[in-house]
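Grab your viewer and work through these exercises on pockets, a cavity and a sheet. Try each task before you read its solution.

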Amino acid sequence: MPTRSKTIDLANLPSIDEILRNERSRAGRETLGEARATDLARDVVAGLRSETVSGKIRAKNEMLDEALLRFEQRTLVETLSGTRPVINATGVVIHTNLGRAPLSETAKRAMAEASRYCTLEYDLETGVRGPRGRRAEDLIVQLTGAEAALIVNNCAAAAFFVLSAFAAGGEVIISRGEMVEIGGDFRVPDVLLSSGGKLREVGTTNRTRLTDFARAVNKKTRVILRVHPSNYRIVGFTAMPKLSELAALAKTRKVILYEDIGSGALIDLSAIGLTDEPVVARSLAQGVDIVTFSGDKLLGGPQAGIIAGRKALIEKLRKHPLYRALRVDKMTYAGLGATLQAYVQGSALKDVPVLSMLSRSSDQLAKRASEFAKLLKLRLARTRKLKIELVSGASAIGGGAAPAIQPKTTLIALTHSRKTSQAMERDLRFADMPVISRIVNDRVVLDLRTVAASEEEGLINAIENTVRS
Ligand SMILES: *Cc1c(COP(=O)(O)O)cnc(C)c1O
């Protein structure tokens with residue numbers, strides 16, 4: 001074998017300019033912009049240089065080809081990292097990593113319309129400035145029976161805002177059973193601390209009595225805080241005073257009773273198996289002064305935090321300097337308003353995607369899964385590589401709501417004759433329309449509960465491609 005000197009090999013390295021002038025890098029240059037594309041080309045050449053120095057031998061044309069290939073791959077990875085639509089075949093309805101609630105057609109249309117000039121703070125009747133987001137607030141008032149409502153960026157912002165406005169410099173009483181963490185970055189004690197309020201824990205993890213609260217109230221107390229534990233449950237020997245009892249205590253001692261409901265339900269959802277979710281209107285009817293809940297959990301709208309309750313308190317928040325920093329944009333008002341409209345019209349279970357997905361019965365899902373499997377078998381008739389089975393399983397509510405409730409579903413389980421389930425799950429993620437699936441018992445499983453009928457074709461295409469590739 002002829003030995004070649006490293007100097008010759010280094011001379012074979014393509015220049016950055018050679019990569020950028022090549023037709024194969026044009027798409028990358030266009031999507032990433034010249035500056036970023038130049039950085040990538042520089043990285044690619046640096047990588048090849050260090051491989052060459054450590055002894056890897058390549059001919060000149062081979063070098064350029066490898067450089068262009070790497071440039072193309074890097075471009076693809078970079079473009080994939082943006083926010084892209086995916087098919088959620090996990091069966092987790094409120095999937096926080098996948099953007100929580102998918103919006104209804106009317107909500108999407110409303111948001112698209114609001115993206116142009118719109119009457120965000122303008123009154124068409126008088127032709128002058130009008131109140132911001134009034135319609136969405138009015139709908140919340142109508143649906144919850146609250147005296148007034150205010151919308152901010154998310155429920156974490158809402159909780160922080162309420163505590164900052166009403167508890168800073170004073171004490172907040174909370175049961176030890178409700179000092180919870182809801183997803184890594186929302187921990188009740190931390191939110192309280194950053195709001196400037198001082199925590200006063202009462203009772204025990206599983207049992208807290210009215211007298212525990214009553215004894216803790218003092219001159220410094222500003223707020224009695226209840227937090228819905230959302231993503232976990234204490235079962236067995238437990239006790240908490242009724243909201244109405246706490247409301248009476250708060251009233252006589254002149255402090256605010258605030259409940260962070262988290263997900264919450266705008267209507268009673270026991271018909272679809274959600275017996276445990278607090279209904280916002282019920283909390284308010286029991287005398288809670290102020291509640292906060294999320295717009296994109298069970299409500300099924302865009303990301304938002306909703307604050308509802310006594311008018312005097314809401315108006316204080318509206319005038320608070322923090323409100324300017326936490327308020328939402330016109331698209332959120334439009335999307336939330338359209339979602340709330342479905343509740344007002346009584347069509348929420350049908351029209352709000354989160355609720356209609358949870359309304360799908362196990363029989364309906366079994367039928368749909370079996371039809372889908374038949375269609376898939378037909379489309380893959382010529383290859384024998386994929387085993388398609390139907391197995392019973394469970395979907396999940398997700399979004400830190402109702403952890404104990406696992407709605408029954410039928411899963412489509414796929415086994416590839418040559419690929420591991422991990423490889424297949426990965427291939428599905430790399431489809432033109434990426435599919436997010438789960439692996440259960442070493443099989444890739446798909447749950448149609450969270451797949452819209454209009455997405456089935458995309459799902460079949462993705463599966464076909466993974467089988468072919
Ligand atoms: C989910 C949740 C939050 C945080 O809500 P975001 O809208 O995600 O900010 C706060 N409190 C409770 C009780 C929750 O369940």
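**Exercise 1: the second largest pocket**

The second largest pocket has a volume of about 600 Å³. This is a predicted model, where local features need pLDDT of at least 70 and side-chain atom pairs count only at pLDDT 80 or more, while totals for chains, interfaces and linings use all residues. Residues are numbered from 1 along each chain as its sequence is written, and side-chain values use heavy atoms, with hydrogens and water left out.

Task: find which residues are closest to the centre of the second largest pocket.

Step 1. A pocket, on a 1 Å grid over the protein atoms alone, is an open set of points with protein on both sides within 12 Å along at least five of seven lines; a cavity is a set where a 1.4 Å probe fits but cannot get out, and lining residues have an atom within 4 Å of a point. Points are joined across faces, edges and corners, and the volume is the space filled by probe spheres set on them.

Step 2. Of the 32 lining residues, Glu178, Arg226, His228, Pro229 and Asp276 sit closest to the centre.

Step 3. β8 and α12 (280-285) are the elements giving two or more residues to this lining. Helices (H or I, at least four residues) and strands (E, at least two) are DSSP runs, numbered from the N terminus.

Step 4. By class, the lining splits into 11 nonpolar, 12 polar and 9 charged residues. Here Ala, Val, Leu, Ile, Met, Phe, Trp, Tyr, Cys and Pro count as nonpolar, Asp, Glu, Lys and Arg as charged, and the others, Gly among them, as polar.

**Exercise 2: the cavity**

Task: work out how the lining of the largest cavity divides by residue class.

Step 1. The structure holds 1 cavity of 30 Å³ or more, and about 50 Å³ of space lies in the largest one.

Step 2. Its lining includes Ala159, Phe186 and Asp260. At least two lining residues come from each of α8 (155-167), α9 (188-195), β8 (221-227) and β9 (256-262).

Step 3. The count is 8 nonpolar, no polar and 1 charged.
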